[in-house]
Amino acid sequence: LLYYAQGYYSHAAPLLQRAIAIYEKGTNKNNVNNSVGLDDCLNNLGLVYFGQDKYSLAEPLLKRALTIRASAKNCPEDEATTAETLASLYSFTERLIEADTMYRRALTLRERLPKESIELAENLDNLGQNCYTQGKYANCEVYLKRSIEVFDRLDEKEREKITSPIN
């Protein structure tokens with residue numbers, strides 16, 4: 001993760017590939033409980049490839065991580081994060097209908113969480129932007145207004161975590 005955070009994707013990728021191989025060697029593929037950690041490595045390698053614009057390599061890794069996380073049902077926030085990353089990938093590759101589906105999936109998961117977060121506000125913002133790109137202006141407005149409403153209700157500490165401007 002350190003190499004990823006620093007933008008050293010070429011250093012991060014081989015380490016994550018190795019970690020995936022180790023997890024896969026010790027994992028019963030039919031038992032989701034044995035996949036703890038594997039989902040993180042798959043997700044992180046998907047992020048590395050996404051950061052390198054290697055979308056065709058990132059997509060299957062993110063899909064696999066999402067499948068594991070959805071099956072495990074132990075951390076809906078992680079599942080939502082992976083769904084939103086996959087949505088962003090689809091958006092970048094102009095697959096807007098697929099992006100919409102993933103943004104909505106992430107939103108559904110985040111709305112079930114007990115506390116509103118900056119991630120919920122960003123998810124609403126991303127969904128609004130995706131609707132705008134598709135020319136669905138009424139939907140766009142609804143999501144962007146909700147994003148601002150969530151953001152306005154957050155405490156200062158939560159607002160500091162913002163990663164992109166709320167439109």
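# Chat about a helical chain

Q: Starting with Cys41: buried or exposed?
A: In this predicted model, Cys41 is buried, with a relative accessible area of 10%. The cut-off for buried is under 20%, so Cys41 falls on the buried side.

Q: How many disulfides turn up in the whole structure?
A: A search of the whole structure gives 0 disulfides.

Q: Remind me, what is a disulfide?
A: A disulfide is a covalent bond that links the sulfur atoms of two cysteines.

Q: Let's step back. How many helices and strands does the chain have?
A: The chain has 9 helices and 0 strands. Its pattern along the sequence reads α-α-α-α-α-α-α-α-α.

Q: What percentage of the residues count as buried?
A: Of the chain's 167 residues, 41% count as buried.

Q: And of the contacts between residues at least 6 apart, what share joins residues at least 24 apart?
A: Among those contacts in the chain, 54% join residues at least 24 apart in sequence.

Q: On to helix packing. What describes a packed pair?
A: Two packed helices are described by the angle between their axes and by the distance between those axes.

Q: What are the values for α2 and α3?
A: Helix α2 (residues 9-25) packs with α3 at an angle of about 155°, and their axes are 9 Å apart. Angles over 145 degrees count as roughly antiparallel, and α2 and α3 are therefore roughly antiparallel to each other. Their crossing is left-handed.

Q: Which residues make that contact?
A: From α2 come Tyr9, Ala12, Ala13, Leu16, Gln17, Ala19, Ile20, Tyr23 and Glu24, and from α3 come Leu38, Cys41, Leu42, Asn44, Leu45, Val48, Tyr49 and Gly51. By class, the contact of α2 with α3 has 13 nonpolar, 3 polar and 1 charged.

Q: How do the axes of α5 and α6 cross?
A: The axes of helix α5 (residues 76-92) and α6 come within 8 Å, and they cross at roughly 160°. That makes α5 roughly antiparallel to α6. The crossing of α5 and α6 is left-handed.

Q: Who takes part in that one?
A: The α5 residues in the contact include Pro76, Glu77, Ala80, Thr81 and Glu84. Among those of α6 are Leu96, Met102, Tyr103, Leu109 and Arg110. By class, the contact of α5 with α6 has 12 nonpolar, 3 polar and 6 charged residues.

Q: Arg110, then. Buried or exposed?
A: Arg110 counts as buried, at 4% relative accessibility. Arg110 is in helix α6 (residues 96-111).

Q: What does Arg110 touch?
A: Not counting residues up to four places away in sequence, Arg110 touches Glu77, Ala80, Thr81, Glu84, Glu119, Leu120 and Asn123.

Q: Where is Leu120?
A: Leu120 is in helix α7 (residues 118-133). It is buried, with a relative accessible area of 5%. Leaving out residues up to four places away in sequence, Leu120 touches Leu107, Arg110, Glu111 and Val150.

Q: New topic: what is the phi of Asp53?
A: Asp53 has a positive phi of about 65°, although it is not a glycine. It sits in the loop between α3 (38-51) and α4 (55-72). At 52% relative accessibility, Asp53 counts as exposed.

Q: And the phi of Glu94?
A: Glu94 has a positive phi of about 60°, and Glu94 is not a glycine. Its place is the loop between α5 and α6. Glu94 is exposed, with a relative accessible area of 68%.

Methods
Residues numbered from 1 in each chain as written. Predicted model: local features only at pLDDT ≥ 70, side-chain atom pairs only at ≥ 80, totals over all residues. Heavy atoms only, no water. Helix = DSSP H or I, 4+ residues; strand = E, 2+ residues; numbered from the N terminus. Buried < 20%, exposed > 50% of the residue type's maximum accessible area, 1.4 Å probe, protein only. Contact = heavy atoms within 4.5 Å. Disulfide = S-S within 2.5 Å. Axes fitted to C-alpha atoms, helices over the stretch in contact; angles between N-to-C directions. Parallel < 35°, antiparallel > 145°, perpendicular 65-115°, else oblique. Left-handed = near helix turned anticlockwise from the far one by under 90°. Nonpolar A, V, L, I, M, F, W, Y, C, P; charged D, E, K, R; others polar.
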